[in-house]
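This report describes selected features of a structure made of more than one part. The sequence and structure are shown first, and the description follows.

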Amino acid sequence: MTSILQHPRQLCALGGQQSVAAIERAIPILHAGPGCGFKLHTGLGSYNGFQGGGYSGGAAIVSTNTGEKEVVFGGEGRLRSVIDNALKIMNGDLFVVLSGCTSELVGDDTEHIVSEYRQRGVPIVYAATAGFRGNSAVGHEIVANAIIDQLLEPKEVIPGLVNVWSSVPYQDTFWAGNLASVRELLSGLGLKPNILFGPNSGGLEAWKQIPAAQFNLVLSSWAGVSIARNLNKRFGTPWLHYPTLPIGGIETTRFLREVQEYANTDTTVATRFIQEQERNFHYFFERAADFFLEFRWDMPGHFVTIADSFYGIGVSRMLTNEFGLLPLHQFVTDDPPEEFRSSITEGYAGIAPGISSNVTFSADSEEVNEVLRKVATAPPIVLGSIWDRDIAQEIGGCHLSIAAPMTDRLVMSCSYLGYNGGLRLIEDLYSSILTFVQ
Amino acid sequence: MATETLSEYKTVARREPGVAIRERRLGSITGFVGTPDELVQISRSGRLQERERSFTQAGTCSSFCATLQLSLIQDAVVINHAPAGCAGDFPMFNLYNRYGQGKRSLSRASARLITTNLSEHDTIFGATEKVLEAIHKAYRTYHPRAIFVTASCTSGIIGEDLESVIERAEEELGIPIASVNCEGFRSQVWATGWDAAYNAILQKIVRPAKTKRPEAINIITFIGEDHFSELLRPLGLIPNLIVPFTTVGQLEKLSEAGATTQMCSTLGTYFAAGLEKEYGVPEIKSPPPYGLASTDRWLRELASVTGKTEIVEQFISAERNAVKLELEKLQERFAGVKAFVAAGPSHGHSSMEVLQDLGIELVGSCMFHHDAKLDHGDSVGDTLRAATTRSGKMPYSVCNKQAFELVNLLRRIKPDLVIIRHPSLAVSVAKLGIPACFIDDEHLALGYRGLVRYGNKISDWLRNPAIERTLLRNSPLPYTDWWLNQQPFSMLGGEA
């Protein structure tokens, strides 16, 4: 039994529609109720940084809008009609049919119907994403695995090519900016990143290159692990799992070193790249240090993260190890599968020598608020979602939205990943505090 | 409820939970192509039939509409009995809540929303215990005055018996708890969700009047600014905007009001008719006060119901005079401008009236559904007829937010501007390079002064459609050339 949530921060598996919309020229086709596409677009796309619908999301999302007739008599005929016409009307390279609760509960054989189209040469796959199967991150994995299983063929390995499985599109409000940062970082090591989602990621052709990768990089606490395992099984591709958001000087360098070692790229190239990036990072750090030091007396010194496990640990490490803040209590909101929980807890326990943080696995506002009322002795920095503004205010803290849902920020290409991502988070955080105190 | 016992309120709860869907109750449809004259005539003859599309894009559902109204009641809680994805609209209602609280000088707080987060296990073994647990959670977190439990496709299909759980919880907690039958699959007319929400309020919240407040006028609406005061206060009447931003205590007393009216006849048709039928609060049946003619007519009916006939004519002529010059300037400014309206009825009809009064030519329109009649059944309330006395022969369609159809149609009609309602659709219009005027405050155009407010807003937007130009140049629509060369309604089939 999943838990009841006051103010949910993750939606459902059908949220995988957003991962489809994030693939260039890919078209989501929902076999789902009339409101599903719009609600998920609302929660993951528009009212989460106002990311919008883009090319094939929002009002463009194809949907069977299953009604009473389909519930009573089955919706397979309706699905066939909608797919037939979608292939004529929608201008796309890849079609992903996603089933919602209704069609799965009434037992439509969507998989079979979609396979008939595929056998006729249509680039179309089926993803079983009924909402009750799990959250948006699970839906993201189901979509990726569906494309991998149903469309990809083995390829000769291209040295240096690396598939990136990181920020979940749209659920992570900063996904597009983050993925651009990953591209820049990996390119700096001399690798050829295959980013797969977002602008200039190559669409279907890039996905077809997946089996040619030298390795898969799962840059995420757990979302994407099932994809890498699947690719390992199907194509024998090895994979590197780096579970912490690389943000700021220390964490990004640690990440680059590990990738360089794993991928066995040129050490000299890597060292030169890292040194250049660090010089830039510390140029700004040094100048802002006047501010950090001279305002520290009246600035909040403790922080709380209410975010997914990927962000939570990365942000906590940067704020603690580079910016001298202290972790108060951290909340993990992405409901990680059991097998990943102990390593996540350990990650928080070892933020810095002698500094650890208690962690609660919960996306429920009631639980978050209760804990914060107990632990917040001095006003902290609260890094969470729009749902956390009230409790931040109640305990006198300063709030910055870094997680979904986010209706107090407009997010375009902002990245919280890498050296510049670290600077950006610090800029946003202290700008918010400076606005708050004036 | 504070001073009354549960049993006392139970004796007045006369309604059954649940409401019949609009397709059955009002003969509502989502597919039509023709003219306003034709649609009015077929609707009145009782021969209106639904036409289904063989291709569709994501619509909206009843759950969205029901929750929008209920989640903005300031001291209630909404529990969505559904998988977590159905809570995708929570952040929108939360923004409406915080934004609206700010505009009304209320202290800002998050909307009170909970999901039972149904899992696969729950779909097999049932989850009514989770509803009970969620009710307890709602109670201990917020101490609400009422709780609404909204159903979902999943809870409906697996056959959750919400009523027995609710009855247990009511006994225990002593507050009204209502189920809302807004399962998405039940109706293709998402406005059915309003009815489900209002039914729950009529069933569990509204009480018989102990005193009467004839000067109070219930106005069923969304979240707009209170421009109704401009029309009501000079007549000695007080607007009681419902349901958003009210309290349960205010809703209990809706029966005390002198009349009920609405900003959109399709929004509150069920509610207004229920208040009249069960509590004798007369419904103002004339189309809502948008545009000169409808505002005159609405004011006269309101005055007649509330005994203000003697002062209303003077008010009408004074208001008309007050805006006369500015209106003439706007009409001059808009001479030759052609507009298309894509919106829900009947607010879309109101927009059509406003545009025509501003001197803008209507060249077509598509409404998200059509009700063959309203709950009160009186043709005096026919908003389509009222809006198109001057434009009964223009192209008119009913289309439940199908962007592919709208885009195809607009490429042919080529209007100078499109008035658009409902989030997510404006960008499809703007990608054609056509100014897309999305006005979320449904009261902006209200009454006489609203014509000027609305006209000025549109005038500004028409002066600089840079966003639309940028999109046209750089961001293609996701439709094939094949489709754009088909007839716009070629996916609209025969009668269902």
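In this predicted model, the domain assignment divides chain B into domain 1 (62-181), domain 2 (213-306) and domain 3 (309-495). The centres of domain 1 of chain B and domain 3 of chain B, taken over C-alpha atoms, are separated by 34 Å. Chain B has a mean pLDDT of 95, and 97% of its residues reach 70 or more. For the model, the scores are ipTM 0.97 and pTM 0.97.

**The sheet in chain A**

Chain A contains an open sheet of five strands in the order 12-11-10-13-14, with parallel pairing. Its edge strands are strand 12 (358-361) and strand 14 (398-401) of chain A, each of which pairs on one side only. On average, neighbouring strands of this sheet are turned by 15 degrees against each other, direction ignored. In general, strands of a sheet pair through backbone hydrogen bonds, either parallel or antiparallel.

Within this part of chain A, strand 13 (residues 381-384) runs parallel to strand 14 and is joined to strand 14 by four bridges. Gly384(A) stands opposite Ser401(A), a residue of strand 14 of chain A. Helix 17 (residues 418-437) of chain A lies across both strand 13 and strand 14 of chain A, and runs at about 140 degrees to strand 14 of chain A.

**Contact between the chains**

The contact of the two chains involves 68 residues from chain A and 62 residues from chain B. On the side of chain B that touches chain A, the residues comprise 31 nonpolar, 23 polar and eight charged.

| Strands | Sense | Bridges |
|---|---|---|
| Strand 13 (chain A) and strand 14 (chain A) | parallel | four bridges |
| Strand 1 (residues 5-6, chain A) and strand 4 (residues 113-115, chain B) | antiparallel | two bridges |

**Two packed helices in chain A**

Helix 11 (residues 248-263) and helix 13 (residues 309-321) of chain A pack with their axes 7 Å apart, at an angle of about 125 degrees. Helix 11 of chain A and helix 13 of chain A are therefore oblique to each other. From helix 11 of chain A, Gly248(A), Ile250(A) and Glu251(A) meet Gly314(A), Arg317(A), Met318(A) and Asn321(A) of helix 13 of chain A. The residues of this contact between helix 11 and helix 13 of chain A are two nonpolar, three polar and two charged.

Notes: Residues numbered from 1 in each chain as written. Chains lettered and ligands numbered in written order. Predicted model: local features only at pLDDT ≥ 70, side-chain atom pairs only at ≥ 80, totals over all residues. pLDDT = per-residue confidence, 0-100. Domains from an automatic or database assignment. Pairing = 2+ DSSP bridges. Axes fitted to C-alpha atoms, helices over the stretch in contact; angles between N-to-C directions. Contact = placed C-beta atoms within 7 Å. Nonpolar A, V, L, I, M, F, W, Y, C, P; charged D, E, K, R; others polar. Parallel < 35°, antiparallel > 145°, perpendicular 65-115°, else oblique.
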